[in-house]
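Reader: I have just opened this model and would like to learn how to read it. Could you walk me through it, one feature at a time?

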Amino acid sequence: MTEPLVLQPKLDLPAAAPLADALKARLDGDLTVDGKDVTQLGALCLQVLLAAAISLKSRGHRMTLTHFSDKVVKQMAQMGFSPETLAEGRS
Amino acid sequence: MSDQNDPMAEIRASFFIECEELMEALQDGLQELEDGSEDPETINVVFRAVHSIKGGAGAFGLEALVRFAHRYETVLDEVRNGSLHPDSDAMKLFFLAADHLSDLIRGCRDESEIDEATSDELLTRLDALLGEDSVSEEVEPETFEVQGVSLDLDLDLGEEPDDSATVYTVRFKPEQDLFATGNEPSMLLRNLCDLGEATVRCNFADLPSLQDLAPETPYVEWIVELKTEAAEPEIRDIFEFVDGLCELEIIGGAAPATLDTSGPAEAPSAEEALPPPATGTADLISDDAAPAESTSAKVVPMGAKPAPPEASKDGEGERKANTTAAKSVVRVDLERIERLVNLVGELVINQAMLSQSLDEAGLSPHSDAMNGLEEFQRLTRDIQDSVMMIRAQPVKSLFQRMSRIVRESSAAVEKEVRLVTIGEATEVDKTVIERLADPLTHMIRNAVDHGLEATEKRQELGKPRAGTVTLTAAHRSGRVIIEVADDGGGINRKRVHEIAVTKGLVPAEAQLSDGEIDNLLFLPGFSTAKQVSNLSGRGVGMDVVKTSIQSLGGRITINSEPGKGTTFSISLPLTLAVLDGMVVNVANETLVLPLNVVVETLSLGKDDVQMLRPGHYVVRWRGGFVPLYDLGVMLGYRHHRQTDPGSIVLLIVLEDGSRAALVIDGIQDQRQVVIKGLDDSFYRAPGIAAATILGDGQIALILDPADVISGMGHIRGTDLMLSERKIANE
């Protein structure tokens with residue numbers, strides 16, 4: 001099993017590009033994204049995660065989001081997602 | 001293009017004025033939070049203040065301000081949503097952040113250098129609060145959010161037709177610049193959800209693959225169905241600061257039933273007007289508690305309270321907000337007000353001239369002209385009072401500045417200090433407020449540095465660890481009294497006396513009373529500090545404070561009790577523009593004395609005057625004696641004292657309660673006079689406060705009687721008290 005990708009605490013504008021780079025390097029297999037340290041999830045990083053989920057799905061891999069705090073789950077919900085729907089990149 | 005004609009410059013200037021108001025609200029809110037306010041509206045006010053500053057700053061590209069406000073706001077948001085419960089350290093940090101925010105605003109306004117180092121330091125500390133909070137959250141699931149919202153929702157939807165609620169469909173698509181200005185869609189969406197029940201859908205049909213994605217470019221849009229009692233402008237307000245930075249469409253007016261059913265039956269226009277989020281949409285409910293499981297449910301969003309609590313929100317906090325909102329305000333350039341004040345001053349002078357002309361014309365007091373004049377005088381006074389009210393401002397803003405001084409100075413000398421403010425609503429002329437800032441700052445620093453004992457010493461003495469500095473404002477007898485009191489050790493009079501002797505300020509053999517020793521603090525160059533601290537001890541101190549207060553027509557007195565503390569009282573005129581005066585004659589000169597100091601007029605009897613010692617006389621008054629001064633001699637108009645029987649004497653009371661009797665030649669009138677400040681080109685003569693123009697066009701000097709008496713020698717103030725004491729002993 002591959003190492004989970006541990007996200008940075010603040011997923012805001014400056015974090016979007018590094019997050020995209022990190023995810024691009026992990027599109028070749030199933031990916032677990034660990035959100036244990038995340039305190040803030042902004043729209044741009046959410047978008048990056050969503051794009052990664054869709055890309056993974058199109059390649060036959062799956063993304064799993066784990067250990068997100070209630071607070072961050074709530075932030076996702078405010079933007080119309082849950083960890084499950086985001087990981088599946090689904091509508 | 002000059003700033004005057006540049007609309008952007010005007011808007012920018014107006015933004016900074018708004019910032020002042022927002023900072024005031026922020027400070028108020030923080031203070032209420034520190035005082036234990038549990039009203040949810042309090043943190044909302046605090047949050048909104050920072051948010052609004054950030055929004056405005058973003059519009060003007062003030063990046064340093066946006067950056068700081070954004071992260072400050074993020075932490076406040078945690079408090080707002082109940083995730084973070086600030087302890088006293090956090091509150092201190094919030095105050096520091098507010099202070100720094102104020103500095104940043106000023107820096108941006110004046111285009112001066114921004115203190116990025118302090119920003120970074122404070123942001124690191126603020127971020128640390130978030131970090132700790134996120135850990136604690138894991139342990140303590142947010143009770144605030146769980147609060148059975150879904151249950152309440154069911155009840156609400158079932159029981160309340162909620163006639164006033166309307167369903168809006170809001171389409172929101174952020175643009176890249178929205179992020180660059182520190183805004184965050186999740187925050188906006190959250191605020192939107194706070195307005196009522198919301199279903200949030202994300203349309204990501206335009207989202208490219210990860211390989212093609214530019215991470216800092218937004219591709220998605222949100223469609224929110226919002227059932228709310230709020231009106232459309234309130235919804236638009238949420239997006240006020242991202243105007244031009246996003247696409248926003250609000251379609252509203254559908255019946256509330258729309259949300260109860262999945263069909264769009266009653267909101268067809270919304271559905272038709274908006275692009276269907278067909279491909280790739282996430283349709284989720286913005287529920288706090290159970291997002292994953294609630295996919296098919298309609299749940300009240302976070303922060304949105306069910307109807308009954310919503311109604312209770314209309315309680316105290318809402319009322320408070322409404323009270324503020326109800327006050328309609330017009331911003332007027334101060335110059336215009338100054339002009340109006342000057343014109344009213346001229347009106348008063350003209351009215352006095354007219355009055356004098358009619359007097360000289362020998363008209364009967366019952367004639368129509370004289371009756372008309374009386375009415376004219378009354379109207380003039382009313383107009384004057386009203387104009388003065390325009391310039392009057394609560395001292396609150398000044399006091400808020402002082403709370404910052406307390407924070408900073410207590411940190412500098414490592415003492416715990418609590419500032420208590422009383423009478424913040426007391427109104428004082430704006431000019432006075434502005435000119436009070438420096439002397440008050442100095443007095444507060446003195447109180448913190450010298451007045452209060454070190455924390456350890458306080459504990460040894462059985463006093464509370466934290467010292468208290470109390471700042472009070474009140475109207476008393478037509479004047480404004482501002483007091484700075486500390487609960488420290490009181491003035492060390494022995495040491496003050498020693499220093500005064502060492503510095504040659506008083507003769508070694510001088511026997512001074514407590515009050516006289518206290519007054520030594522006001523002597524130029526006096527300082528008791530053994531070491532020069534960051535705050536004080538440089539020997540430039542209370543004498544400067546005293547001079548500043550005197551230049552405002554005010555007076556400062558000290559009251560100190562060993563072991564219990566010291567109180568400095570400043571007494572100021574309500575306005576610097578007009579004065580109720582007594583017009584008197586002295587050696588063929590016309591002078592004006594403030595009416596409020598004159599308590600009695602006497603006519604000297606044969607045996608009323610006694611000589612205390614050569615050159616020092618007293619007058620018998622109601623069984624006691626009061627020092628007697630000839631105003632003509634004191635002002636240098638004549639050399640020989642007029643103490644003949646029949647001479648007129650004004651008995652005056654000074655701020656410290658001491659009395660003095662002034663010999664004058666005659667009383668002309670009691671009237672309101674317009675104060676005309678003496679230009680800087682006139683040297684400051686002791687005892688002369690200002691000048692005025694009388695009805696006959698003559699210029700008369702306005703006296704400051706206490707200064708006339710105390711300013712003749714370097715400790716003449718104590719001289720007066722000495723005389724009184726000697727008289728009492730005799």
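Reader: How many of the residues of chain A count as buried?

Author: Of its 91 residues, 60% do. Contacts tell a further story: among those in chain A between residues at least 6 apart in sequence, 83% join residues at least 24 apart.

Reader: Now to chain B. How do I read a sheet there?

Author: First, the general idea: strands of a sheet pair through backbone hydrogen bonds, either parallel or antiparallel. In chain B, five strands form an open sheet in the order 7-9-10-12-11, and the pairing is mixed. Strand 7 (417–422) and strand 11 (555–561) of chain B are at the edges with a single partner strand each, so one side of each has no neighbour in the sheet. On average, neighbouring strands of this sheet are turned by 15° against each other, direction ignored.

Reader: What joins strand 7 to strand 9 of chain B?

Author: Six bridges do, and the two strands run parallel. As an example, B:Leu419 has B:Val469 in strand 9 as its bridge partner.

Reader: Which strands of the sheet does helix 17 of chain B touch?

Author: Helix 17 (residues 396–412) of chain B packs on the sheet against strand 7 and strand 9, with its direction at about 170° to that of strand 7. Helix 18 of chain B also packs on the sheet, touching strand 7, strand 9, strand 10 (479–486) and strand 12 (565–573). The direction of helix 18 makes about 20° with that of strand 10 of chain B.

Reader: And how do I read a single helix?

Author: An α-helix has 3.6 residues a turn, so residues three or four places apart point the same way. Take helix 16 of chain B, whose buried residues are B:Gln384, B:Val387 and B:Arg391. Among the elements covering them are helix 15 (334–360) and helix 18 (430–451) of chain B. At 1.5 Å a residue, the 24 residues of helix 16 should span 34 Å; the end C-alpha atoms are 35 Å apart, which agrees.

Reader: Where should I be careful?

Author: Where pLDDT is low, the predicted coordinates should not be read in detail. Chain B averages a pLDDT of 76. Over residues 255–326 of chain B the pLDDT is below 50.

Note on methods: Residues numbered from 1 in each chain as written. Chains lettered and ligands numbered in written order. Predicted model: local features only at pLDDT ≥ 70, side-chain atom pairs only at ≥ 80, totals over all residues. Helix = DSSP H or I, 4+ residues; strand = E, 2+ residues; numbered from the N terminus. Expected span 1.5 Å × (residues − 1). Buried ≥ 20, exposed ≤ 12 C-beta atoms within 10 Å, placed from the backbone. Contact = placed C-beta atoms within 7 Å. Pairing = 2+ DSSP bridges. Axes fitted to C-alpha atoms, helices over the stretch in contact; angles between N-to-C directions. pLDDT = per-residue confidence, 0-100.
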